[in-house]
Amino acid sequence: MRTEYGSIEREIHIEATPEVVYKVISTPEHLREWWPDEAVLEPVPGATGHIVFGDKTSPEGVEVPVTVVEADPPRRFAFRWVYDEGETATPANSLLVTFDLLPSGTGTLLRFTETGFREKGWEAAVLEEQYRDHVTGWDHFLPRLVAYSARLASTR
């Protein structure tokens, strides 16, 4: 099977309202519960910040800049990431993550996409490695998003 490495797409049902899920995907205090170890960003279009995986004071820690592209509560949240510190995120130098939230019964249908892999201009081996790393990462973190959102919704 040949993979195009163009985008990662997932559809997931979450037992929480779109309002709850939107908070979970867009605010630092909730992001830290399921995805990065640290998040600094304002959920408003054009805002820049960063996320950190691991301890940023150690060699294994990774700090990644983030730029919010779209914030339309409780329907859509999108950001660009994986671009060099000090640069402005563009379609040519970053990946775009989009969360679309649709009411579904008593919960939410989350449509997740990450695009821009080919646009980064990586050589084939790097493109394949980055794509696979991101697939593995999202397949790990998105179930945590589902569980955390449902837990949060049940305490309200």
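This is a predicted model: local features need pLDDT of at least 70, side-chain atom pairs count only at pLDDT 80 or more; totals for chains, interfaces and linings use all residues.

Trainee: Okay. Which residues have the most contacts inside the largest nonpolar core?

Mentor: The general idea is that in soluble globular proteins, nonpolar side chains tend to be buried together. Here the largest nonpolar core holds 40 residues, and Trp34, Trp81, Phe99 and Trp138 have the most contacts inside it. Strands E1, E4, E5, E6 and E7 each give two or more residues to this core, and so do helices H1, H2 and H3. H3 provides the largest share, nine residues.

Trainee: Let me pick Trp81. What is Trp81 in contact with, leaving aside its neighbours within four places in sequence?

Mentor: Its partners include Trp35, Ile51, Phe53, Val64, Val66, Leu95 and Val97. Ser94, Glu114, His134 and Trp138 are also among them.

Trainee: Which way does E5 run against E4, and how many bridges join them?

Mentor: They run antiparallel, with six bridges between them. A hairpin of three residues links E4 to E5, and Asp72 sits opposite Arg76 in E5. E5 also pairs with E6 in the antiparallel sense, over six bridges. There, Ala78 stands opposite Thr98 in E6.

Trainee: And a helix, say H1? Is H1 mostly covered or mostly open?

Mentor: An α-helix has 3.6 residues a turn, so residues three or four places apart point the same way. H1 is mostly covered, with seven of its nine residues buried. Among the buried ones are Val20, Val21, Tyr22, Val24 and Ile25.

Trainee: Last one: how much space lies in the largest pocket?

Mentor: Rolling a probe the size of a water molecule over the atoms shows where empty space is left. In this model, the largest pocket contains about 400 Å³ of space. Its lining has 19 residues, and Val64, Trp81, Val82, Gln130 and His134 lie nearest the centre. E4 and H3 are the elements that give two or more residues to that lining.

Trainee: What kinds of residues line the largest pocket?

Mentor: The lining divides into 10 nonpolar, four polar and five charged residues. H3 supplies the largest share of it, six residues.

Notes: Residues are numbered from 1 along each chain as its sequence is written. Side-chain values use heavy atoms; hydrogens and water are left out. A nonpolar core is a set of buried Ala, Val, Leu, Ile, Met, Phe, Trp, Tyr and Cys residues joined through side-chain atoms within 4.5 Å. Buried means under 20% relative accessible area, exposed over 50%, partly exposed in between (1.4 Å probe, protein chains only). Helices (H or I, at least four residues) and strands (E, at least two) are DSSP runs, numbered from the N terminus. Contact means heavy atoms within 4.5 Å. Two strands pair if DSSP finds at least two bridges between them. On a 1 Å grid over the protein atoms alone, a cavity is a set of points where a 1.4 Å probe fits but cannot get out, and a pocket is an open set with protein on both sides within 12 Å along at least five of seven lines; lining residues have an atom within 4 Å of a point. Grid points are joined across faces, edges and corners, and a volume is the space filled by probe spheres set on the points. Ala, Val, Leu, Ile, Met, Phe, Trp, Tyr, Cys and Pro count as nonpolar, Asp, Glu, Lys and Arg as charged, and the others, Gly among them, as polar.
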